Amino acid sequence: MSAEVLAVCVVHAELEVPGRVGRTAIDKRPVPGRVRVHKLGLAGDHVADTRDHGGVHQAVYAYSEADARRWAHELGRDLPAGWFGENLRIHGLAVSDAVLGARWAIGDTLLEVSAPRVPCAVFQHWSGESHWVKRFALRGDTGAYLRVLTEGSIGAGDEVRVVHVPEHGITARDLFVGADMDRLNLLLEVEPSISDDIRMQVERHARRHANAARAVAQRTEALSVSERSERTMAQRTARIPESSAGEARG
């Protein structure tokens, strides 16, 4: 079964939210017809927080219909196209497991998978769900950001053709979870199109792994010291009866 775009979504209205910026453009909804796609995203779309969102490496955000349906079932509510803040709701493609650097031809555009989505406090506020950011992160169904290699237009019903997949095989989910540092370091070496944001994500994962290894080493050392102390105490205790018996014979 081929993959297709179910809906193309752009900002419906900006909303007021708590936080540094105070506004968000996360409320995206489907629009009819074909939508122009430029280097910085879709015509009619924008971001409110330009420090943490948007730019050429986060020009377009795609989310899988299958992932959306799983969440809808779990939350017991409808999650229409655009609810995740996505520009493209896609059917038939495991978006979160797309390989970084993979290229998708949609309509007359060419897009490249550039990064996973990292959930934020605005997403938490928008969802209205308790502990939403933690739940979303634990699931790891992040969707994927795309950069625009060839500008054009996209419309609902367009086929999504994966025309290139890098050999490294590291996915948006792999980068988000960060479980295998060897593979993430490989990504830095072999994928020429990665952004500074991805490099920072890899560095954060490296620090997390280093801190975890250091904590394990400290616990192991503490346990070793405790075991040595217990062994010494046991040896001393074992010698007491012998001493006492000798004194009694004297």
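**Close-up views of a predicted model**

**View 1. Nine rings, one cluster.** Tyr61, Tyr63, Trp71, Trp83, Phe84, Phe123, Trp132, Phe136 and Tyr145 come together as one aromatic cluster. This is a predicted model, and 13 aromatic pairs turn up in the structure. Take tryptophan 71 and tryptophan 132: their ring centres sit 4.6 Å apart with the planes at 65°, so this pair is edge-to-face. Tryptophan 71 belongs to helix H1 and tryptophan 132 to helix H3, so the pair ties together parts 61 residues apart in sequence. Both tryptophan 71 and tryptophan 132 are buried.

**View 2. Phenylalanine 123 meets phenylalanine 136.** Here is another edge-to-face aromatic pair, with 5.1 Å from centre to centre and 85° between the planes of phenylalanine 123 and phenylalanine 136. Phenylalanine 123 comes from helix H2 (residues 121-127) and phenylalanine 136 from helix H3, so parts 13 residues apart in sequence are tied together. Phenylalanine 123 is buried at 0% relative accessibility, and phenylalanine 136 is buried too, with a relative accessible area of 0%.

**View 3. The two sides of helix H1.** Helix H1 runs over residues 65-75, and its buried residues are Glu65, Asp67, Ala68, Trp71, Ala72 and Leu75. They share one side of H1 because they cover an arc of only 160° around the axis. What do they pack against? Their partners are strand E1 (3-11), strand E7 (60-64), strand E8 (88-91) and helix H3 (132-139). On the face turned away from the buried side, look for the exposed residues Arg69 and His73.

**View 4. Where H1 starts and stops.** At the start of H1, serine 64 brings a side-chain oxygen to within 3.1 Å of the backbone nitrogen of alanine 66. Just past the other end of H1 comes glycine 76, with a positive phi of about 70°.

**View 5. A three-stranded open sheet.** The strand order is E6-E5-E12, and the pairing is antiparallel. Strand E6 (41-42) and strand E12 (152-155) are the edge strands, each pairing on one side only. Strand E5 (residues 34-38) joins E12 through four bridges in the antiparallel sense. To get your bearings, find arginine 34, which stands opposite glycine 155 in E12.

How values were computed: Residues numbered from 1 in each chain as written. Predicted model: local features only at pLDDT ≥ 70, side-chain atom pairs only at ≥ 80, totals over all residues. Heavy atoms only, no water. Buried < 20%, exposed > 50% of the residue type's maximum accessible area, 1.4 Å probe, protein only. Arc of directions from axis to C-beta. Contact = heavy atoms within 4.5 Å. Polar contact = N/O pair within 3.5 Å; in protein donor to acceptor, adjacent residues only side chain to side chain. Pairing = 2+ DSSP bridges. Phe/Tyr/Trp six-rings, centres within 6.5 Å; stacked < 30°, edge-to-face > 60°.
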